[in-house]
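Hi,

Here is the structure I promised to pass on.

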Amino acid sequence: MLDFYPKLALNNLRKSKDTYWPYMLTSIVCIATYYIMQSIAMNRGLLQVSGGAVAVSIFFLGTVVIAIFCVALLFYTNSFLIKRRKKELGLYCVLGLEKRHVALVLFFETLFSALFCLILGLIFGILFSKALFLALLYVLDFSTPIAFTISIPSLITTLVLFLLLYAVLFLYNATHVQRARPVELLRSTQTGEREPRASWLLTLLGLICLGIGYFIAVTVKEPLNALLVFFGAVLLVIAGTFCLFTSGSIALLKLLRRNKTYYYQPRHFISVSGLMYRMKQNAAGLASICILSTMVLVTISTTVCLYIGRDSMISSLNPTGISGRVTLLDDRTPEQLNTEIDAALEQDGIRPDVLEQRFLWRYADFYALRDKNVFTNAPDDTKQQPVLVSLIPLEDYNAMTGQQLTLDASEALLFTNDASFSGNTAQIGSETLHILQQLDVLGPYQSNQVSTVQLSYEFVVSDFTQLQQIYCSATGQNAELEMCVYLDTQDDSALQKAIASALFEHTPPETIYSINARATVTESWNSMYGSFLFLGLFLGSLFLMATVLIIYYKQISEGFDDHDRFSILQKVGMSKKEVRATINKQILLVFFLPLAMAFVHMAFAYNVICNILVIFGMTDRLLFLVCCLVTFFIFSLLYLFVYRMTAHTYYRLVEA
Amino acid sequence: MPLLEVEHLQKIYTTRFGATQVQALKDVNFTIEKGEYVAIMGESGSGKTTLLNILAALDRPTGGVVRLSGKDITQIKEGRMAQFRREHMGFVFQDFNLLDTFSLRDNIFLPLVLSRRGYNEMAARLDMLAPKLGIADILNKFPYEVSGGQKQRAAVARALITDPDILLADEPTGALDSKATAQLLDLFGHVNRDGQTILMVTHSIRAASCAQRVLFIKDGLVFHQLYRGARTDDEMYAKIGDTLTMLTTGGAAHA
């Protein structure tokens with residue numbers, strides 16, 4: 001007798017494979033995923049590599065997200081399972097099992113499935129964490145090998161988290177059974193359902209939310225506002241999606257039903273009314289699928305885009321191997337600084353002629369607001385997006401380019417990355433400058449290859465007196481000169497780093513206050529965007545799994561419900577073929593509505609995401625567009641695949 | 001020519017592994033003329049449900065012929081079957097088989113919609129039919145909003161709206177209380193007097209006593225049949241009762 005309950009529990013698990021296996025599979029994947037993320041975040045070797053710290057902190061964030069997500073997902077699937085099984089559990093009660101016995105059966109079921117999933121999940125986790133760790137190192141471009149070990153603390157954390165989760169799930173199910181009465185349990189799935197009501201108010205609210213969300217997303221112009229605005233828009237769109245799926249769909253179907261010539265056609269008749277009930281039960285699920293799909297698409301396409309585009313981003317921000325800024329406390333000239341640089345390099349045994357290119361020039365800059373061709377000093381608390389105005393003496397420009405240009409006091413040359421600027425005068429403060437020429441090249445910069453995070457205007461003016469005067473008339477202060485230093489060598493990261501450190505160590509104090517070797521920047525960016533990509537793909541696949549699972553359970557629960565409906569239809573004179581066609585139409589609509597909606601969301605989000613990417617230095621809109629389209633395409637293929645798989649189960653249930 | 005001819009009908013069920021065979025119908029023969037109202041009676045397991053399923057073309061016989069208006073329905077191809085059933089037969093079931101997702105009106109329209117009739121034609125037919133069946137004012141309600149008797153009358157309307165050659169009813173009073181049963185049988189009588197052929201399978205003596213003729217099935221054979229002649233419903237009731245007693249106590253066949 002003692003082994004009766006465990007046996008019954010085992011038998012139940014084995015028998016209800018249509019519903020239980022996907023749940024177990026989800027658990028296993030959740031456990032494996034969580035363990036992998038934990039073990040990577042806890043890897044000590046990672047911390048010691050340059051840039052590794054960034055990755056580790058990103059991954060810690062990742063574990064939190066995954067934990068929350070796993071809990072939500074398992075709760076969802078569990079609630080589905082227990083709903084499906086109410087009848088079976090009710091039958092136990094009728095057959096004479098007491099509620100505590102039923103709870104005991106549930107306990108053993110939970111225990112067995114927990115053990116099964118934890119063991120398999122951890123095994124898969126350990127196996128795949130090795131592979132994923134190697135993949136991560138590859139993505140991060142870490143050349144130094146890092147020891148990989150099985151992480152005991154991660155194992156323990158994972159075990160504790162999921163055992164707790166299973167315990168909570170068991171308690172939830174047990175109280176559910178405890179509270180219900182057998183007759184209700186028996187009948188719970190077949191109470192007649194009322195026709196859903198269409199709430200026009202909710203529909204309208206949904207439309208408004210979605211409209212505002214889209215409007216914000218499309219109209220946002222300034223990158224720095226984009227991030228903040230984006231969250232607002234996302235919330236609005238989520239709310240709108242839920243409203244529209246829940247009541248908008250029903251309102252639409254009711255409208256269709258009112259149109260008699262449309263409604264009373266075999267193709268539409270059964271679909272429209274069937275869908276109405278379907279939407280009532282599934283609107284929330286479908287809306288979640290839509291949101292999840294959008295998340296997958298956005299996460300993956302952005303992270304992939306950032307990762308692919310990182311090289312061009314780095315080179316647009318660091319056009320030369322070494323770049324730096326110097327605050328000028330005296331009136332040192334670029335030539336003097338060049339000599340200092342030579343001296344510093346020689347101290348570290350680096351021959352100065354490894355520097356193939358040197359661009360040094362003095363400038364003074366301030367933030368300004370531009371109104372067409374008029375630039376005024378930007379107040380600190382401005383709400384508008386300011387532009388950066390730099391004034392450069394002609395002397396330095398000539399020295400750098402080897403030209404012998406002369407300019408009048410009212411004349412200037414202009415280099416800008418703002419394509420919207422036109423005209424040949426510019427008014428800065430009270431001074432009006434006549435622009436002789438728009439430059440295509442300034443030092444290492446080329447006007448068509450510059451980052452547009454910050455719109456900047458570089459004016460080459462006749463001399464220092466004029467520079468002071470313009471600066472003063474615009475800002476009311478005296479200009480403090482700074483110097484740009486761009487040095488280029490062969491593409492040799494060790495050399496670049498050595499030069500940077502020589503300059504840092506050996507130039508006179510307070511001379512070069514910021515100096516970057518591109519190689520160092522590349523490493524930290526690689527690590528940051530590599531981690532982003534890794535996390536993006538990881539979360540993306542997790543979201544995808546959730547999507548798949550929700551779809552699958554949706555199909556199954558509908559299969560059960562539709563079985564009766566379609567058997568009636570067959571009795572009343574519908575052929576198998578017609579039944580299939582109707583089923584097909586319904587599933588297709590229900591299935592691809594979220595995907596279509598996700599596409600629309602994505603299309604509207606495109607602009608705002610582009611603007612956010614600009615903050616990260618990514619300005620290549622075309623690259624992002626390609627990333628989005630490719631991601632969407634692959635995602636659709638996967639979605640189609642899942643559809644095929646689940647549709648099969650569905651047909652089996654309906655036609656059984 | 002009779003409307004429905006059943007000759008040497010035979011149905012054998014084979015269990016999944018072919019180990020045992022169950023002969024549900026051995027050799028069933030009978031005919032029904034146009035305008036007749038026939039009840040088929042028999043105990044559970046006598047084969048009457050199998051017979052009805054075959055007549056309704058939901059199941060195929062192992063042997064024998066079923067002709068409706070001269071056309072052998074056992075030879076109709078699977079693809080044409082649904083349409084044939086829709087156009088020539090009307091069905092009334094014990095558990096109504098109305099769809100929860102449709103209003104009564106739409107439930108009644110269902111077979112016509114499947115046959116691609118226009119809305120105006122459907123509405124005109126329903127306008128004629130609904131008052132007769134006493135459901136004119138509940139057409140916009142949903143099945144879960146009305147009583148069992150009303151549901152069954154809606155189901156009858158669904159069966160009649162296609163103007164079928166024959167109305168097949170499977171235990172139509174099985175789920176109804178006595179008042180609703182009386183109303184439904186009354187309705188069947190009216191419909192039959194208007195010329196509708198009805199074949200009803202039942203084991204309710206009350207229901208069968210309204211028919212003009214009662215066929216008794218036992219062990220896969222038509223065992224006996226009873227004509228109303230000039231009998232009243234009550235006399236018919238008594239006569240059917242006697243016959244059933246005789247059947248269960250094992251009298252000789254005289255079909």
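Let's start with helix α8(A), whose buried residues are Thr203(A), Gly206(A), Cys209(A), Leu210(A), Gly213(A), Tyr214(A) and Ala217(A) (buried means under 20% relative accessible area, exposed over 50%, partly exposed in between, with a 1.4 Å probe and protein chains only). Looking down the axis of α8(A), these residues fall within an arc of 130°, so they line one face of the helix; the arc is that of the directions from the helix axis to the C-beta atoms. On the other side of α8(A), Leu201(A) and Phe215(A) are exposed.

Before going further, note that this is a predicted model: local features need pLDDT of at least 70, side-chain atom pairs count only at pLDDT 80 or more, and totals for chains, interfaces and linings use all residues. Residues are numbered from 1 along each chain as its sequence is written, chains are lettered from A and ligands numbered from 1 in the order in which they are written, and side-chain values use heavy atoms, with hydrogens and water left out. Helices (H or I, at least four residues) and strands (E, at least two) are DSSP runs, numbered from the N terminus.

Next, a helix pair in chain A. The axes of α2 (residues 17–41) and α16 (residues 518–572) of chain A come within 11 Å and cross at roughly 170°. Axes here are lines fitted to C-alpha atoms, for helices over the stretch in contact, and angles run from 0 to 180 degrees between N-to-C directions. That crossing makes α2(A) roughly antiparallel to α16(A) (the label for angles over 145 degrees).

Now to chain B. Leu114(B) sits in helix α3 (residues 104–114) of chain B and is buried, at a relative accessible area of 2%. Leaving out residues up to four places away in sequence, Leu114(B) touches Pro266(A), Ile270(A), Gly573(A), Met574(A), Glu578(A) and Arg86(B), where contact means heavy atoms within 4.5 Å.

Most residues other than glycine have a negative phi. Arg116(B), though, has a positive phi of about 60° without being a glycine; this residue is in the loop between α3 and α4 (119–133) of chain B and is exposed, at 60%. Glu171(B) also has a positive phi, near 50°, and belongs to the loop between β7 (166–170) and α6 (178–193) of chain B. Buried or exposed, then, is Glu171(B)? At 10% relative accessibility, Glu171(B) counts as buried.

Cheers

Note on methods. Parallel < 35°, antiparallel > 145°, perpendicular 65-115°, else oblique.
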